[in-house]
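Begin with its charged pairs, then turn to strands and helices.

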Amino acid sequence: MIAQVVVDVAAKQTDRLFEYLVPHILENDVQVGSRVVVPFGKSRKVQGFVISLVDETDYEGQLKELLMIVDELPPLTPELVDLSAWLSQYIFSYRITILKTMLPSVLRANYRKILVPLVKDDLEVRQLFGEKQEIDLAEIDDQDSTIIASINRLLRVDKIKIEYLVESRAKVKEISEITAVKSSGELRVELEKLRANAHQQQKLLNFLITEPKLPLSQTELEQQLAISGATIKVAADKGWLTRSKAEVYRRPITTQTNKNRNDLVLLPEQVQALEQITTSVNADTATTFLLEGVTGSGKTEVYLHAIANTLDEGKTALMLVPEISLTPQMVRQVQARFGDAVAVLHSGLSEGEKYDEWRRIRRNEAKVVVGARSAIFAPLQNLGLIIIDEEHESSYKQDDTPRYHARDVAFWRSDYNKATLVLGSATPSLESRARASKNVYQLLTLTKRTNQQSLPTVKILDLKEAKFAGEQFDLTQELVDAIKTRVQRKEQTILLLNRRGFSSFMLCRSCGFVLKCPNCDISLTYHKSTNQMKCHYCGHTEAVPTSCPNCHSDEIRFYGTGTQKIEEELGKLIPQARILRMDVDTTRKKGSYERILNAFGRNEADILLGTQMIAKGLDFSNVTLVGVINADTALSFPDFRSAEKTFQLLTQVSGRAGRAALKGSVLVQTYNPEHYAIVLAQSQDYERFYHQEMQVRHQGNYPPYFFTSLISVSSKNEQNAAKEAFIIKRKLMRELNGRVLILGPTPSAVSKIKQHYFYQILVKYKREPELNAFLHEIQDAAQTQKKYGLNIYIDREPDKFM
Ligand SMILES: Nc1ncnc2c1ncn2[C@@H]1O[C@H](COP(=O)(O)OP(=O)(O)OP(=O)(O)O)[C@@H](O)[C@H]1O
Ligand SMILES: [Zn+2]
Ligand SMILES: [Zn+2]
């Protein structure tokens, strides 16, 4: 038998299958998806994954044997193996990179090089090793030239050698478990034999006689009876009980369980949506639904019912949420409903917890998975339903290699498993909504809030006209007054400070003018290195203005402000208000999101002030006011999606107000009160926004009318990067005969990251079968360019333009 293996070496030359003979004794254990250790090159050993098992090979030479199989149960299912083949091609990534992304990080190998002696009775060898049997090369000080010289000398004469170790970091947690072996009658006899002062042993015997609930963990038993480990050892020696090792899972603890609201009667719209979803699940159709439901319309309840139905059908369900730490409420609801059947996967867990949750899934013990982006690779079998909540969220796209979008993966898995896919949002991405228009997706709508109330009223405050409170130009008097009223009424306020595109563009405080590119109509970004304003789409540059080109006022400034500054200001303006601040600084520690949100939920603060992270998913009944301090930053960000993102953000954050009995209202401060994204967010009219934005995209030849791919070239030498980018552009124009639209090359907005200059080309195309092959070619060529310090990567459907 021959195993075809992808090895753990991420490089162009190794991005293919290597064949190994399977030794006879391993033939029964090796499977597609097994993790193995194989010899590689002259004397290396590396980890790899079995992709297929075949009987014959075309290889002329002698195949090497694979050395070992690491796990009892293969970590990859055949489905994931297939998925990796498709995904690596689709997003221009190495297959091994994808495979490693699919698995918990503890399954990544640790490679160690160690020195071992080959002769014992040698003075120099003994000097080097002392008492040790081996030396880890990583522990040798490479500055110590005498040691290095000695090692090299000994290696040359074969007195020592280097061994390569592949170690798995995956450790299973085990506990010692107690089982009784004697009957209670026999134990009573033992009890009588004991010395009168052997209190601990008496206690233990009495327990064993009366307590039938065994096996029990040794630690628990020791704690419960207040006895020592020595007593248990004595008991084991006397043959009263046996101790055995048992595996336990490290489970992430949830701090509190929600009241289980199983008793809610679904509203007619919810029933209708649910019916269509369950019909599809029960009929094993790979239908994709877009569940477009206004904020507070009870999408979660539809998900929970759909999951329950899927489980009843004997299938499993996978639910993605944007960022688990931001949506603890959602996770708790799923756990409250499905208990131990739920596994949770997200970045806040320890490595051990992640590994154990993952194993519960792999062993088919967990039937429901809730997690952030990478949970889309959960090794669930018999998948019946995939849900992506807040499907428009950009966190579903990984912005580093491998640049996959969880939605694309979900689509593939849905198709493979004949599973139903539900994309839910109050503000769907334009791409998804457009597909629903073309009946690629089935549209389901929830138009009403569950509390029978209308959506909160939104008022726009024009910052060009407004009266500011205090000395700063951040908070208007009207917003401050509104907050004061809420504080007096003991109602709560959520305040959003929009940090996107922070401080990188120029805004006139007198007239609201934003400095834009004359060619592209998107804002110019400040480049500190050159002290210039640059368009990072077309490359246009101009000087930093000293007065407003529109109204000639000298009040034109870089725009931006921080949460901390706002907190201080609020403290002065409304001293009696209790403020919770949520931003990158206050949420660094594990569990801090949850702590802040729980405190707010317990009414321990009047104001929750934060960045984008507070905008979505939160369901607090006492919040009656939402304030947006600056709606404009997102709008001026140089990105064709900025209107969409602004609309989404404003609609989502507005949706946090008035979700229960109390009516909510929203105040939005802006310099652009006439901008359609803001005007339509005011009426929270997604459908009208969608139609209007589609026209804009149509005119600009942007998605969803065009597909996009971003090619980035980076180098330490700015000229080299630029030159290579232009070469690629010329090739593209020649080979694709002008059927694609090309923007750039331009330096990226933050063009110098980690001492590297970045140039990017945005390719827009309709249907271009040849482009894919061409992009693969560019990337293959990039491997040779690496020698010259050039790096090239390709981002399919980029979400961020640096
Ligand atoms: N059928 C129902 N009857 C009464 N209350 C309901 C019903 N369904 C859901 N709810 C309640 O309505 C509130 C809002 O629901 P949910 O959080 O699911 O909204 P959502 O659509 O996810 O909103 P958002 O997009 O803003 O997150 C919740 O408190 C939920 O418990
Ligand atoms: Zn431009
Ligand atoms: Zn001006």
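A salt bridge is a side-chain nitrogen of Lys or Arg within 4 Å of a carboxyl oxygen of Asp or Glu. Side chains of opposite charge can pair when their charged atoms come close. This is a predicted model, in which local features need pLDDT of at least 70 and side-chain atom pairs count only at pLDDT 80 or more, while totals for chains, interfaces and linings use all residues. Residues are numbered from 1 along each chain as its sequence is written, chains are lettered from A and ligands numbered from 1 in the order in which they are written, and side-chain values use heavy atoms, leaving out hydrogens and water.

The whole structure holds 33 salt bridges. Start with D799 and K645. Their closest N and O atoms are 3.2 Å apart. Helices (H or I, at least four residues) and strands (E, at least two) are DSSP runs, numbered from the N terminus. Are D799 and K645 buried or exposed? Both are buried. Buried means under 20% relative accessible area, exposed means over 50%, and partly exposed is in between (1.4 Å probe, protein chains only).

Next come K315 and D284. Their salt bridge spans 2.5 Å from N to O. K315 is in the loop between α10 (299-312) and β13 (316-320), and D284 is in the loop between α9 (268-282) and β12 (288-293), so the pair ties together parts 31 residues apart in sequence. K315 is buried at a relative accessible area of 10%. D284 counts as partly exposed, because its relative accessibility is 40%.

Now find D122 and K159. Here the closest N and O atoms of the salt bridge are 2.6 Å apart. D122 belongs to the loop between β6 (109-117) and α3 (123-129), K159 to the loop between α4 (145-156) and β8 (160-168), and the two are 37 residues apart. D122 is buried because its relative accessibility is 12%. K159, at 28%, is partly exposed.

Turn to the strands. Strands of a sheet pair through backbone hydrogen bonds, either parallel or antiparallel. In this structure, three strands form an open sheet in the order β10-β9-β11, with antiparallel pairing. Two strands count as paired if DSSP finds at least two bridges between them. The edges are β10 (216-217) and β11 (241-248); each has a single partner strand, so one side of each is left without a neighbour in the sheet. How many bridges join β9 to β11? Eight bridges link β9 (residues 173-180) to antiparallel β11. On β11, S244 is the bridge partner of E177.

Helices pack too. The axes of α6 (residues 199-210) and α8 (residues 229-237) come within 10 Å and cross at roughly 65°. Axes are lines fitted to C-alpha atoms, for helices over the stretch in contact, and angles run from 0 to 180 degrees between N-to-C directions. Q200, Q201 and L204 of α6 make the contact with T231, I232, V234 and A235 of α8. Contact means heavy atoms within 4.5 Å.

Finish at E569, in helix α16 (residues 563-573). E569 is buried because its relative accessibility is 8%. Leaving aside neighbours within four places in sequence, E569 is in contact with A469, Q472, D474 and L475.
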